[in-house]
Amino acid sequence: MKRTVFVFSLVLALLFVLAPTASAYDPTLPRVIDKTGLLSDYEKEKLKDYSEEFRFDHSMDCVVMLVTTMGGKSAMAFADDAYDEGGYGMGADNAGILILISVGDREVYISTCGAAIDAISDDEIELILDEMMYSLSDEDWGAAFIEGIDAAGRMIDRPNGSGYGSYDDGNKVTPGKIAALVLFPAVISGIVLAVMCYKMNNERGKRTAADYAVSGSFALSGALDIFLSSSVTKTPRAESSSGGGGGGGGSSHVSSGGVSHGGGGRHF
Amino acid sequence: MEDIRNHKCPGCGSPLRFDAGAQSLVCDACGSHFDISTVEQYDEAADGIDGGDTSSWETYGGVPWEDGVAVHVCPSCGAEIVTDPTTAVTKCPYCDNVTVIEGNLSGVLRPDCVIPFSVTAEDARRLMAEYCRNKPLLPKNFINELHIEETQGLYIPFWLFDCRADGRATYLATKVRHWSDRKYDYTETRRFRVYRRGGMAFSKIPADGSRKADDTMMESIEPYDYRGMKEFGTGYLSGFVADKYDVGADESKARADARVKNSIEAALLTTVIGYSSVIPTGSSVKITDGTVRYAMLPVWLLHYTYRGERFTYAINGQTGRVVGKLPISRGRAAAWFAGIYAAAAALVALIMFLL
């Protein structure tokens, strides 16, 4: 009996310890929400697959939402609330993204939560939106969502701070890269060769007589430090929570539900 | 209000004015305020600091060299070589000229002290070979063609200077502090006039007394260990040759003065601590109690002509330190450059690929 109580207590303790880190992911929730009826069944199925794949690859939730109107709310508030109230997210920080397209307002918004805030910077949000714009202009909502999910996955994969530009720029040959490929090795080999040449001649005159100073003979007989003046300069600080330049994660705000979100959007 | 114009601002050097209201001295040029006692203290300390350096050395008298020694004169470079009568000199140690004639000894002072050779001719050859080792740019055939068996042991005349040096120096220093609040980053810069005074003693600063010996090369083989110094005797010349000095002590002391001045300035600078930046603005050094000794210090000299260029190497005859410029193979230098370039380019390409 004692042994049963001990095992039961141990299981309870383990559950208690593991509870905060357990995934909050609820697989029964809909990840493709179409309140307009504009998405075909085929598109919905395809988007579900994309969402599932995104979750599998990045351990983050992925929700797409197509609405006619946002009921007077801003796109940011609508997307954040939909994510929070829908109970989406993975892990203790409810990590995930929600891509909202409001057809009536012709507005798109990407809301990030938890680890996704740091994983996708403000500049990267803009890049994702850039990639969606062509399909949005064509009112091809399904394609826009797929491009958004695909681009968000790539942004999470790339290291933070890799700069502004599309993902494919990594393999693009630019004049800067050619210059780096030519100049950097030339500078390095020039420095190494200069050091090697320097070591071929050890004739160096002596500037001081430190080798001949009588040990312990140095004595300071006078010292005076006079304060002359002081000046203070001040420079304005950069915005503290901005992702800035694609590095260090995105900026964040708090939703009406008290949850931190990142993200960004635009009209199309 | 009374004007006092006989004090100068420690910050900018402009005349200071007495401000009766504040009971302090004010600089109209830079706006600084000082206590009268502080300025008086500074004036007393820095008085004459830019008036130049002074040095006081004894005049070296010396004792004429009357022992039984032989003098040889090189008709090529004019070097006058002194040996004991039994040592035959066939080659000039400075220019490698093979014709050396016997001459007359005149105006030669007997050295006060000598450091005997500790490094043998065999050691010198080994040290030279070691010096050429692990030099990837050295022409491959250089060491094979090096006729190091012709190494010549030579006592070179040195003047050894003992002195005491007292120095004063002024500096402009700053202390910089950073802090921030929600809106701004702040930087506070505080400027100070710093004054230091101190002294130290020096013993046996060497300066070679031979015009033919390259000064930079002779400084490069320093230091000698003076614990091995002996009172001079012609017996130490046996098997070696000695050069007759042709640069007097008075002429050499300028080099010793410069080294002493640099040393005392460096020592004073180490005491200016706790500042973000320190800029020396003036100094003066007074050298006193200067005494001079005449010494013979051992050097192995080696000459080598490689592809028309003449190379000279000196080996400290006591410590074995080898000094000299080695030839550089252009082919090897180009190969190393190309190899490093290729490796660095590959690394850059790999980093670009990964990013």
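Reply: In this predicted model, H5(A) passes H6(A) in a right-handed crossing. To find the two helices, look at residues 122-137 of chain A for H5(A) and residues 141-157 of chain A for H6(A). Their axes lie 8 Å apart, and the packing angle is about 155°. Since angles over 145 degrees count as roughly antiparallel, H5(A) is therefore roughly antiparallel to H6(A).

Now for the residues that meet. From H5(A) come Glu124(A), Leu127(A), Ile128(A), Glu131(A), Met132(A), Ser135(A) and Leu136(A). Facing them in H6(A) are Ala143(A), Ala144(A), Glu147(A), Gly148(A), Ala151(A), Ala152(A) and Met155(A). Sorted by class, this helix contact holds 9 nonpolar, 2 polar and 3 charged residues.

If you then step back to see where chain A meets chain B, the contact takes 50 residues from chain A and 65 residues from chain B. On the chain B side, at least two residues each come from helix H1 (36-46), strand E12 (184-208), helix H4 (215-220), helix H5 (249-269) and helix H6 (330-354) of chain B. E12(B) gives the largest share of that side, with 22 residues. By class, the side of chain B that touches chain A has 34 nonpolar, 17 polar and 14 charged residues.

For one spot to look at, find Thr235(A), which stands opposite Asp185(B) in E12(B).

Conventions. Residues numbered from 1 in each chain as written. Chains lettered and ligands numbered in written order. Predicted model: local features only at pLDDT ≥ 70, side-chain atom pairs only at ≥ 80, totals over all residues. Contact = placed C-beta atoms within 7 Å. Helix = DSSP H or I, 4+ residues; strand = E, 2+ residues; numbered from the N terminus. Nonpolar A, V, L, I, M, F, W, Y, C, P; charged D, E, K, R; others polar. Pairing = 2+ DSSP bridges. Axes fitted to C-alpha atoms, helices over the stretch in contact; angles between N-to-C directions. Parallel < 35°, antiparallel > 145°, perpendicular 65-115°, else oblique. Left-handed = near helix turned anticlockwise from the far one by under 90°.
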